[in-house]
Amino acid sequence: MKTSTPSPAEITPPEVYARRREFLKTSIGAGLVAAGAVSPAPTFAAPRKFGDGASQRDYAGGEAPTPLQHVTGYNNFYEFGTDKADPARLAHRLKTAPWQLSLEGLVKKPVTLGIEEILQLAPLEERIYRLRCVEGWSMVIPWLGFPLDALLKRVEPLGSAKYVEFISAVQPETMPGVKGRVLDWPYVEGLRLDEARHPLTLLALGLYGEVLPKQNGAPLRLVVPWKYGFKSAKSLVAIRFTEHEPRSSWMKAAPREYGFYSNVNPAVDHPRWSQASERRIGEFRKRPTLLFNGYGDEVARLYSGMDLAKHF
Amino acid sequence: MPLAALKALTFLLCLLPLAWYGWGAWHDLLGANPVEAVTRGLGIWTLNFLLITLAVTPLRKLTGWYQALRLRRMLGLFVFFYATLHLTSYLWFDQFFDWGAIARDILKRPFITVGMAAFVLLIPLAATSSHFAIRQLGGRRWQALHRTVYVIAILAVLHYFWLVKADLAAPLLYGGILCGLLGLRVWWREQERREQLAGKYQPKNISRNSNRIIPILPER
């Protein structure tokens, strides 16, 4: 038997495909259910995109999102290696099911949740955010998720909780990078509690309408759009409420270069390179970097009265 | 292999990295951030050619392949060629010829300071690569000048060390190879000194200069 690649004209456009599936689902499905042949189990409606029905909002000023192949093919996920092509090459090994997220520390109701339970907490939203890497490149990414606060509320943080620590997965059998000592594993990040509860802080479970690709931090990650990308910890296994400022992996690796806040700020350089400008992936010229990555109207009040050069 | 053919082959091989980056840029094969890939790649190949050039003398001593020495000037000039392209890509694609920002970078950023210093030190070496320059300077002075290549190599590796974010594996590899290449020279020099002290040292082949670093000039 000969298998061949269909010509472009033979490929059904995705929207037509979806409509056909919808038609089959409702007509044949209804017929079969009526005939008592099958029970109307939810799995029957299989070919539904993860992000279907999510509300959509653009937080990137109408800029076109960075092409999917770049979002998934060029990023840092040091657990899989320090080259920006390593995550796309190696992260397929990551074991994401079953997955448990533990909410612990200074909370009234500590709990461990599976992905299905987390998905029940709030409706999915699509949010298009700018992402600025500390290395001087940036992207525009349509994330799928919901405000992290919807999750944090569930465990009722105690009054003594001032900070939130985010701990990423360590799977030595699937992550070649954690055998080296480039960073202190597990990858740890942290936010002040008010930063973590800010409505822009997202718990992302998908991007581009689909479940989060493994190289982008499946099955769930943090997205803090006004901070350098490394603050948005991937593949979270624990969220811990603390009284004292957590020390992140990058702070441990180079305390002079990476501070706790790591807000995007063109006026505060990395000790070794300028942060005044950035190259949007897909563009040739560089563009000026915006204070708080352009989210100053929403977040600047969190830092009023603070010396941002001192609290870098 | 006749020397002319060897030289022609080396010349073409040395152009391959540039050809790859040209081809890759044209056909969009350099990934999401092609500008960075080109700047980085040209820097890496500058270092590669620098270490290859420094490997010529050890290679000749260890294998007795004397023809290698005849390729050294070309290899050294390719170091300068790739360094110039690397610098140009920084001035152009990174800074877009914003001379104020470039000056601040050179003063403020140690990795750029040492990179620029390495480049500036390369200029006199490239400028004195001709037979004419060697004759004008005289062998001893020429040799003393060209020993700055050791300093250049150290600065270049330092430039790489200070550039990387956290993973020092690649700069360590380059640093290790450089240590080996410089260490061999120190060791040979020390052997020579001991032989001299022991009175065993017989300057060999002085007339043909075959054991010295001074380049061999064609017969006049």
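Student: What share of the contacts in chain A between residues at least 6 apart in sequence join residues at least 24 apart?
Tutor: The share is 72%, where contact means heavy atoms within 4.5 Å. This is a predicted model, in which local features need pLDDT of at least 70 and side-chain atom pairs count only at pLDDT 80 or more, while totals for chains, interfaces and linings use all residues. Residues are numbered from 1 along each chain as its sequence is written, and side-chain values use heavy atoms, with hydrogens and water left out.

Student: Which residues make the pairing of A:Lys286 with B:Asp94 a salt bridge, and why is it called one?
Tutor: The closest N and O atoms of A:Lys286 and B:Asp94 are 3.7 Å apart. The definition asks for a side-chain nitrogen of Lys or Arg within 4 Å of a carboxyl oxygen of Asp or Glu, so the pair qualifies. Between chain A and chain B the count is four salt bridges.

Student: What kinds of residues make up the side of chain A that touches chain B?
Tutor: They divide into 11 nonpolar, six polar and seven charged. Here Ala, Val, Leu, Ile, Met, Phe, Trp, Tyr, Cys and Pro count as nonpolar, Asp, Glu, Lys and Arg as charged, and the others, Gly among them, as polar.

Student: How much area do the two chains bury between them?
Tutor: About 1800 Å², 53% of it on carbon and sulfur atoms; buried area is the accessible area (1.4 Å probe) that two parts lose on being put together, summed over both. In chain A, A:Arg272, A:Arg279 and A:Phe284 lose the most area to chain B, together 34% of what that side buries.

Technical notes
Chains are lettered from A and ligands numbered from 1 in the order in which they are written.
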